Amino acid sequence: MKKNKFQSPTGMHDILPEDQKYFRKIYELCEEMANFYEFERIETPILEDTELFSRGVGIGTDIVEKQMFTFKTRGGDYLTLRPEGTAPIVRAYIEHGMQNLPQPLKLWYFGPYFRAERPQFGRYRQFWQFGFETIGEEGPVIDVQIIQVFYNLLKELKFKNLVVALNSIGCSQCRPYFKKILASYFRNRESSLCADCGRRLRENPLRILDCKEEKCQMVVSQAPQMLDHLCESCHRHFKEVLEFFDDLSLPYALSPYLVRGLDYYTKTVFEISEDSEEGKKVGALTGGGRYDNLARILGGKPTPGCGGASGIERILILMKGKKLRFSQSPFPKIFLAQLGDLAKRKSLILVEEFRKIRIPVSESLGRDSLKAQLNRANRIGAKFALILGQKEALEGSVIIKDMETGRQDLVKFEKAVEEMKKRLKK
Ligand code: HAM
């Protein structure tokens, strides 16, 4: 088959009408959760200063090192298509003085993100995320509430075998010491690591824990664990998180090597995935954690934060295998059929009159066969057809046809909308 000249860019895709109902369902659930748990909507620009991500997400991360779409503007500045939402939201929090509002601030978002990754199943260069963030509260109860929001949302979408992977990666007190222990462990096994991990060993040994190479994972499986080296405050925080999980009967799996691919995390980190064959293929549906140092790193007052984000395409892939019910808006009760140029023009006026009083009407203005139009009126189950033929258009009248009884009445054009209002009320 000959390839079309134009195709969507590699790793980027169209969201076709048939997929919109999934997007809508996810959006509606996000809104429902946000209203219940009192999160307010925020949207930040698609482009941000490149430095926001190199500082916020971290120089040594794959995202900053390999995956950012960065442009030089005509003015010589560097802008980047946002690869994630947390750094931009904390930037907005600082920029708009939101620390002066009652804390914590609970924010949610829903939009496209960009990462120049190698395209593969469930991994795109433009993908959609929704996220929930709580800024200005350090208590462990917030970590649990954030995870609960995502867990409940996925449950509502009929996800069954959800696994919440949990870990703590400590804070600036205890992590540097752990990094040293880890570096020494890996240094003794450097020859068994991939070339990338050799570099990671010098830059940030924690990143080795995240490596997907089989030979590195073998070495990682025996590595020291952060959980055994937490300072007292991080230890207490994580213990309380686990106690809240037990209180809520929320299932979790301790994942001592979960570090996540972004540098801003402190203390709790988590990922949610579906334990099924398809679920393993798409990877994590949600990822997040606490980021108590991010506001300070971005130049604001030290402010704790915690949040997470879900990949909408990954959820959608798995949703398609589930029996979900979608609410469908009912078809309009009125169908407007027309014949001839003058009637077409008058039909446009009628459609506008109905719109103003919020009565939905269906039409096929592009069609010319009256029979085909009335067939459509039948198919969608319209109660009435308004027929504007050439004769009626010239005389300033409209035929109202009751589709059930077949009875037809002629009314004046100006009276048609009023008459329909009356009939629909009966
Ligand atoms: P993340 O783990 O990089 O975290 O992304 C969150 C979720 O977005 C992933 O679990 C996955 O479902 C989806 N995702 C990521 N990259 C892709 C991709 N290339 N294609 C399709 N889906 C993808 C963050 O972005 C953090 N900002 C989350 C967070 C919020 N942490 C604290 N607050």
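Which residues gather in a patch of positive charge on the surface? They are K155, K158, K160, K323 and R325. This is a predicted model, in which local features need pLDDT of at least 70 and side-chain atom pairs count only at pLDDT 80 or more, while totals for chains, interfaces and linings use all residues. Residues are numbered from 1 along each chain as its sequence is written, and side-chain values use heavy atoms, with hydrogens and water left out.

A patch is made of residues with over 30% relative accessible area and no salt bridge, like charges being joined within 9 Å; a salt bridge is a side-chain nitrogen of Lys or Arg within 4 Å of a carboxyl oxygen of Asp or Glu.

A negative surface patch is formed by E28, E31, E32 and E156. Helix 1, residues 17-37, gives the most to the negative patch, with 3 residues.

Helix 5, residues 140-156, holds K155 and also E156. K155 has a relative accessible area of 37% and E156 one of 43%. Both therefore count as partly exposed, the class between buried, under 20%, and exposed, over 50%, with a 1.4 Å probe and protein chains only.

I turn now to strand 5, residues 105-114, where 10 of 10 residues are buried. Strand 5 pairs with strand 1, residues 40-41, in the parallel sense over 2 bridges; pairing requires at least two DSSP bridges. Here E40 has L107 as its bridge partner. With strand 6, residues 126-135, strand 5 pairs in the antiparallel sense over 10 bridges, and P112 stands opposite W128.

Key: Patch = residues over 30% accessible without salt bridge, like charges linked within 9 Å, V, L, I, M, F, W, Y side chains within 5 Å. Areas by Shrake-Rupley, 256 points an atom, 1.4 Å probe, with all protein chains shown as cover. Lys, Arg positive; Asp, Glu negative; His and termini not counted. Charge placed at Lys NZ, Arg CZ, Asp CG, Glu CD. Helix = DSSP H or I, 4+ residues; strand = E, 2+ residues; numbered from the N terminus.
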